[in-house]
Each structure stands twice: as C-alpha cells, then as structure tokens.
Number of protein chains: 2
Amino acid sequence: MKKKGLLVVLSGPSGVGKNTVCDQLLTSYSNLEYSISMTTRSPRIGETDGENYHFVSKEEFQTMIANDGLLEWAEVFGNFYGTPQSFVDRRLEQGKDVVLEIDIQGALQVKKKRPDGVFIFLLPPSLQELRHRIKKRGTEDDDAMSKRLEAAKSEINTVFQYDYTIINTDIQQTADWIYSVISAEKCNVDRVGETLVKEVINGE
Amino acid sequence: MKKKGLLVVLSGPSGVGKNTVCDQLLTSYSNLEYSISMTTRSPRIGETDGENYHFVSKEEFQTMIANDGLLEWAEVFGNFYGTPQSFVDRRLEQGKDVVLEIDIQGALQVKKKRPDGVFIFLLPPSLQELRHRIKKRGTEDDDAMSKRLEAAKSEINTVFQYDYTIINTDIQQTADWIYSVISAEKCNVDRVGETLVKEVINGE
C-alpha cells in the first residue's frame with residue numbers, strides 16, 4: 001500500500017525568513033514538493049505561471065472559493081491569494097510530502113481543515129533581530145515598522161497552536177531541523193503505528 | 001538558562017536489534033549519553049565495571065530499590081538488572097540527551113515515572129525476519145523459539161504506548177531516524193514553546 005505523504009505547513013511572523021528557509025529546504029531536500037499558491041495579482045517581471053504562482057482571474061478565483069477548492073485564502077490590497085486543494089491532495093496521495101509556506105492566518109485556516117498536517121512556526125532570534133530583518137528589506141517607514149513589530153508580538157503567541165517551533169538563526173540549520181521534524185513524523189505512532197503493526201504481523 | 005536534556009527510551013521485542021542500533025546511534029552521534037545499567041550478575045570476560053554495567057552486590061541492589069533509586073528494574077534468572085536514576089538525572093540536568101536501551105517491561109516502568117521521555121519502539125521487518133535474527137544467535141531451541149515469537153507478537157502490540165516506531169531494516173538508517181526523532185522533539189511546542197517565546201519577546 002502506498003503511504004500518503006505529509007502536509008507540512010511552514011509559517012511565522014512576516015520578516016522571519018519563511019521564504020528563504022523554504023527555498024533552502026526544497027533545494028537541500030529535493031524529495032519535497034512545494035505547494036504553488038494561486039493569485040489574482042499580475043505576474044511581476046521574471047515570474048512564471050505555474051512556477052511562482054498560478055495566475056488566475058478574479059472570476060476564476062471566486063469560483064474556486066465557491067467550490068470549496070482552496071485550503072486557505074486571503075485578500076491583500078485588493079488581490080486574492082490562496083492554496084488550491086486539488087494540487088496538494090494529488091501529491092499527498094502519490095506519497096509525496098507537500099510544503100506550504102504561508103502566513104499565520106492562512107496556516108490556522110489550514111489547521112481547521114487538516115488537523116493531521118505538521119504545523120511548524122518559525123521564530124526570530126529576538127524582536128530586535130526581526131526589526132533588523134524587516135528594515136533590511138527597506139519597505140517600511142518607522143510608523144509601519146512599529147505596527148509590524150506590535151503585530152509580530154501577538155502573532156508569536158499563536159505558536160501554541162502549532163506542533164513545532166524553530167528559532168530561525170541559520171537558514172541551512174533551520175532547513176535541516178524542519179527535515180528532521182518531517183522524518184520524525186513518519187515514525188509517529190499515532191500516524192503509522194497501526195499500519196506498521198499489520199505489516200509486521202501479517203507480512204502485508 | 002541551561003536547557004534540560006531529553007530522556008530517550010529505546011525498546012522493542014528481543015531479537016529486533018536494540019543493542020546493535022544503540023551502539024550505532026552512539027557511534028554516529030557522540031553527543032548522546034548512554035545510560036549504563038546496574039546488575040548483580042558477575043562480569044563476563046572483557047566486561048568492565050562502569051562501562052558495560054555497574055556491577056554491584058545483591059545487598060547494594062536491594063538498597064537501591066528500597067531508596068527508590070532505580071528508574072526501572074527486573075529480576076532475570078536470579079540476577080537483578082536496573083537503571084540508576086541519579087546518573088540519568090545528573091546528565092539530563094547538564095543538558096545532555098540520555099539514551100536508555102531496555103526491554104519492553106522496563107520501558108513501560110520508565111514511562112510511568114517519566115512520561116516526558118521520548119519512547120521509541122523498534123519493529124522487525126516481519127516475524128519471519130525476527131525468527132531469523134533470533135536463530136542466528138543460536139541460543140534458542142525450537143520450542144523456546146516458538147514461545148519467543150508468540151511473546152513477540154503480543155509485545156508488538158505495546159507499540160501504541162510509545163511515541164515513535166521504526167522498522168529496523170538497516171542499522172545506520174534506524175540510527176539516523178532515531179536522531180531525527182531526538183532533533184524534532186527539541187522543537188516540540190509542548191516542550192519548548194513557552195521558553196522560546198519568553199526568550200524571543202523578553203530577549204532573555
């Protein structure tokens with residue numbers, strides 16, 4: 001019997017480095033699959049449909065919502081972003097582990113639909129370091145920055161709704177921890193105990 | 001603040017290869033500490049006190065039991081075997097991860113005292129393979145073998161009292177899975193969430 005893959009949800013406050021860590025994880029561990037989001041915003045230069053995002057019209061997106069075809073979605077500055085469920089499910093059925101890199105609101109939406117996912121929360125080493133990382137991007141003025149950090153503080157408290165948490169100090173190290181978590185979950189008795197015992201005792 | 005180490009309990013039916021896997025684990029990952037058992041049996045040729053076992057008299061062992069100084073113990077063919085608690089606790093306090101390689105009865109005793117340990121159950125690839133492994137040792141006649149395999153079947157059903165289970169096909173691979181489990185448990189939100197959130201928010 002083909003074993004189902006794991007749904008791995010990677011989240012954390014904005015600025016923590018989710019995206020960079022996710023890239024490193026997929027580069028280091030090429031057996032993992034990345035879930036490509038769907039969006040109604042226009043492609044930026046260099047972005048490819050089906051690689052960075054699935055680019056769709058607002059009508060297509062609304063139809064997806066109406067058909068319950070998204071694991072999570074949100075509207076940000078008039079654009080829609082979401083995770084198509086069918087792509088994820090197809091890969092999981094094929095036994096592949098699928099990584100979703102999404103913001104905290106999205107992750108908590110997925111948790112309601114898929115409590116059997118593996119939920120990982122990235123923490124910054126400190127709030128000062130988070131401020132430093134956001135500043136380096138150079139996209140926020142001082143006022144926006146203060147709001148971002150206040151938001152991060154309350155976001156950090158959602159960590160207790162996740163299964164695992166990792167302080168993102170070193171990108172490669174964080175990617176390796178995440179892969180350890182995925183490996184460990186494949187030995188979790190609640191997940192695999194019954195199947196394995198049957199295999200061993202009945203030689204199935 | 002020094003983080004406490006993890007108590008890792010490695011168990012499984014006899015013949016599954018606990019001992020070999022444990023040796024490989026400690027060779028590959030030298031940061032782990034092995035908990036040395038205490039016994040009243042005489043040292044065999046080549047065995048060193050404090051390395052293979054702590055060899056003690058029956059009186060000393062009885063005193064340990066009376067003082068609740070053992071995490072688990074059993075009498076086998078008139079000899080006593082047990083795990084001294086103080087050694088384990090000292091290492092855990094120092095932040096070291098301590099590996100106990102013990103039989104199923106022992107593991108379940110430890111679980112009652114230390115439910116926060118990480119309990120790992122090794123499974124054989126099949127009952128035929130378990131028979132083959134026991135046979136290779138050449139210590140059992142046919143009748144004893146049948147009893148051993150019957151016992152193994154019911155022992156395997158205790159797997160649901162453990163946290164993780166691994167089919168021991170390849171020794172190095174099993175050791176690597178165990179190390180992944182240990183790494184993952186260090187990111188378990190229930191274990192480290194509160195401490196890490198405090199560290200990040202208060203810069204502690």
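Mentor: Terms first. Two strands pair if DSSP finds at least two bridges between them. Helices (H or I, at least four residues) and strands (E, at least two) are DSSP runs, numbered from the N terminus. This is a predicted model, so local features need pLDDT of at least 70, side-chain atom pairs count only at pLDDT 80 or more, and totals for chains, interfaces and linings use all residues. Residues are numbered from 1 along each chain as its sequence is written, chains are lettered from A and ligands numbered from 1 in the order in which they are written, and side-chain values use heavy atoms, with hydrogens and water left out.

Trainee: OK. What do strand 5 and strand 6 of chain B form?

Mentor: A hairpin, with 2 residues between the strands. B:Phe77 sits in the turn and has a positive phi of about 50°.

Trainee: In what sense do those two strands pair, and over how many bridges?

Mentor: Antiparallel, over 6 bridges. Strand 5 of chain B covers residues 70–76. One of the partner pairs is B:Val76 with B:Asn79 of strand 6.

Trainee: Which residues make up strand 3 of chain B, and how does that strand run against strand 6?

Mentor: Strand 3 is residues 38–39 and runs antiparallel to strand 6, residues 79–84. There are 2 bridges between them. B:Met38 has B:Gly82 as its bridge partner.

Trainee: Over to chain A. What is phi at A:Phe77?

Mentor: Near 50°, a positive value in a residue other than glycine. A:Phe77 lies in the loop between strand 5 and strand 6 (79–84) of chain A.

Trainee: Is A:Phe77 buried or exposed?

Mentor: Exposed, at 83% relative accessible area. The cut-offs are under 20% for buried and over 50% for exposed, with partly exposed in between (1.4 Å probe, protein chains only).

Trainee: What about phi at A:Asp68?

Mentor: Positive, about 55°, and A:Asp68 is not a glycine. Look for A:Asp68 in the loop between helix 2 (58–66) and strand 5 (70–76) of chain A.

Trainee: Interface now. How many residues does each chain put into the contact?

Mentor: Chain A gives 33 residues and chain B gives 33 residues. Contact here means heavy atoms within 4.5 Å.

Trainee: And how much area do the two chains bury?

Mentor: About 2800 Å² between them, 80% of it on carbon and sulfur atoms. Buried area is the accessible area (1.4 Å probe) that two parts lose on being put together, summed over both. In chain B, the residues that lose the most area to chain A are B:Cys187, B:Val189 and B:Val200, together 22% of what that side buries.

Trainee: How many salt bridges cross that interface?

Mentor: The rule finds 0. A salt bridge needs a side-chain nitrogen of Lys or Arg within 4 Å of a carboxyl oxygen of Asp or Glu. Polar contact is found in 4 residue pairs across the interface, both residues at pLDDT 80 or more. That term means a pair of N or O atoms within 3.5 Å; within protein, one must be able to donate a hydrogen and the other to accept it, and residues adjacent in sequence count only if both atoms are side-chain atoms.

Trainee: Which element gives the largest share of the side of chain B that touches chain A?

Mentor: Helix 8 of chain B, with 9 residues. That side of chain B divides into 21 nonpolar, 7 polar and 5 charged residues. Ala, Val, Leu, Ile, Met, Phe, Trp, Tyr, Cys and Pro count as nonpolar, Asp, Glu, Lys and Arg as charged, and the others, Gly among them, as polar.

Trainee: How many salt bridges are there over all chains?

Mentor: The search of the whole structure finds 20. One of them joins A:Glu129 and A:Arg133, with the closest N and O atoms 2.8 Å apart. Both residues lie in helix 5 (residues 127–137) of chain A, 4 residues apart, about one turn of the helix. A:Arg133 counts as buried at 17% relative accessibility, and A:Glu129 is partly exposed at 26%.

Trainee: Last one. Where is B:Tyr29, and what does B:Tyr29 touch?

Mentor: B:Tyr29 is in the loop between helix 1 (18–28) and strand 2 (33–34) of chain B. Not counting residues up to four places away in sequence, B:Tyr29 touches B:Ala175, B:Asp176 and B:Tyr179. B:Tyr29 and B:Asp176 are 147 residues apart in sequence and 9.0 Å apart in space, C-alpha to C-alpha. B:Tyr29 is buried, at 19% relative accessible area.
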